[in-house]
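Here is a quick briefing to read with the model open on your screen.

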Amino acid sequence: MSSATSADVIVLGLGGMGSATAAHLARRGASVIGFDAFEPGHANGSSHGETRIIRKAYFESPDYVPMLERAYQLWHELEIESGQELMTLTGALNIGSAESGFVTGATRSAREFGLNVEELDATAVRSRFPGFQLPENLMALFDPEGGFLRPERCTAAHLESARRHGATLRFSTPVLEWGSDGDGVFVRTATERVTAARLVITAGPWSKDVISGWNAPLLVRRIVNVHFDSTAAPTFAPEHCPVFLMEVPEGHYYGFPALSGQGVKIGRHEIGDVCTPETIDREVRDDEVAMLQNVLDTYMPGASGPVLRTLTCMYTNTPDLHFILDRHPSHDNVIVGCGFSGHGFKFASVIGEILSQLALDGSSQINVDFLSAGRFAGK
């Protein structure tokens with residue numbers, strides 16, 4: 001093993017959240033060493049899949065809206081820094097009955113923060129967005145600031161920003177052990193021991209095992225996405241088809257317009273086999289494809305043609321499906337970001353900033369008390 005090296009902050013895990021954290025730390029002048037067990041852009045975790053929805057009228061809780069406002073600003077800044085398009089705004093449709101959580105929750109967030117949204121009945125949806133043939137018992141809330149991010153491109157841009165500002169990033173380097181003595185932290189790999197004042201853990205679906213010393217209330221689920229080659233591609237092009245979320249009798253679904261080379265992508269949000277990163281079944285079954293195709297055929301006829309490709313990823317869920325952004329319950333100098341519960345990537349830019357502030361300043365400029373680890377105390 002090589003002699004020990006040191007840094008101000010160690011980041012463990014360099015996917016969507018860890019790459020952003022390393023970038024924000026390095027931009028502030030902190031010395032940063034980051035570790036990841038895989039190479040950049042890998043598809044083993046939760047930061048892959050070519051598209052992720054971003055939206056402001058947040059049905060999950062209005063508490064997220066200030067984070068979203070800052071996230072949009074930071075994504076724009078990263079686009080300027082990287083010279084790449086990372087975010088495309090198509091608008092977003094929250095589809096459901098008038099009483100559904102997708103509609104009522106988004107409406108609540110919009111009203112509380114004065115967001116520009118439109119309520120559309122089924123007739124208005126069919127007229128304005130012909131790809132969506134909704135029955136009369138459904139409606140939609142249209143969020144014009146919704147759209148999608150390109151996760152691989154976003155993560156690569158954050159990694160490059162971190163490097164540009166002096167961060168040292170080690171890939172294909174699993175961390176075998178970490179520890180804290182109150183005054184500092186260390187991580188050990190097969191070849192070196194690194195010490196620092198702070199450690200930030202952003203380990204995605206590996207978090208439950210990596211965050212030792214705390215039985216983090218995390219459950220990993222396998223999620224399936226399918227890309228269909230639309231038989232009516234112009235109808236589902238981004239200029240005519242927003243990203244969408246649907247709370248319908250068949251379940252809770254999300255999807256994207258027909259993008260070049262990708263077709264229409266759809267996934268189901270609220271179910272998934274319990275798994276670990278080691279046990280996940282990467283094969284997508286015919287019945288899973290048929291389930292998703294049936295939903296498109298019912299509500300978006302013409303969206304589903306031949307299957308272009310399938311993919312799996314993982315949700316790391318907390319019991320209340322909200323994130324954890326906090327200090328380790330037993331170690332003040334260890335910061336954890338985990339439990340993103342299938343709706344976290346859009347926040348990566350601001351979560352990186354928040355975790356960097358927790359590490360360097362002791363608190364975040366945005367209120368994240370509702371995402372504390374302490375809410376699960378005793379559970």
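Strand 15 (residues 251-259) runs antiparallel to strand 16 (residues 263-268), with 5 bridges between them. Strands here are DSSP runs (E, at least two residues), as are helices (H or I, at least four), and numbering starts at the N terminus. Two strands count as paired if DSSP finds at least two bridges between them. Keep in mind that this is a predicted model: local features need pLDDT of at least 70, side-chain atom pairs count only at pLDDT 80 or more, and totals for chains, interfaces and linings use all residues. Residues are numbered from 1 along each chain as its sequence is written, and side-chain values use heavy atoms, with hydrogens and water left out.

**The sheet**

- Looking at that strand pair in detail, Tyr254 has Gly267 in strand 16 as its bridge partner.
- The open sheet has 8 strands in the order 6-7-5-14-15-16-13-17, and the pairing is mixed.
- Strand 6 (118-121) and strand 17 (307-317) are the edge strands, each pairing on one side only.
- From one strand to the next, the twist averages 20°.

**Helices on the sheet**

- Helix 3 (residues 101-113) packs on the sheet and touches strand 5, strand 6, strand 7, strand 14 and strand 15; contact here means heavy atoms within 4.5 Å.
- The direction of helix 3 makes about 130° with that of strand 5; axes are lines fitted to C-alpha atoms, for helices over the stretch in contact, and angles run from 0 to 180 degrees between N-to-C directions.
- Helix 7 (residues 286-299) also packs on the sheet, touching strand 13 (219-228), strand 14, strand 15, strand 16 and strand 17, and its direction makes about 60° with that of strand 13.

**Strand 5**

- What about burial in strand 5 (residues 92-96): how many of its residues are buried? The count is 5 of the 5, so the strand is largely enclosed by the rest of the structure. Buried means under 20% relative accessible area, exposed over 50%, and partly exposed in between (1.4 Å probe, protein chains only).
- In a regular strand the side chains alternate between the two faces of the sheet.
- In strand 5 both faces are covered, with Ala92, Asn94 and Gly96 buried on one side and Leu93 and Ile95 buried on the other.
- Strand 5 joins strand 7 (residues 139-143) through 5 bridges, and the two run antiparallel; Gly96 has Met139 as its bridge partner there.
- With strand 14 (residues 243-248), strand 5 pairs in the parallel sense over 4 bridges, and Asn94 stands opposite Leu245.

**Salt bridges**

- The structure holds 20 salt bridges, each defined as a side-chain nitrogen of Lys or Arg within 4 Å of a carboxyl oxygen of Asp or Glu.
- One of them links Glu81 and Arg27, with the closest N and O atoms 3.2 Å apart. Glu81 is in helix 2 (residues 65-82) and Arg27 in helix 1 (residues 16-27), so the pair ties together parts that are 54 residues apart in sequence.
- Arg222 pairs with Asp273 in a salt bridge, the closest N and O atoms being 3.8 Å apart. Arg222 sits in strand 13 and Asp273 in the loop between strand 16 and helix 7, so this pair ties together parts 51 residues apart in sequence.
- Arg222 is buried at a relative accessible area of 4%, whereas Asp273 is partly exposed at 41%.
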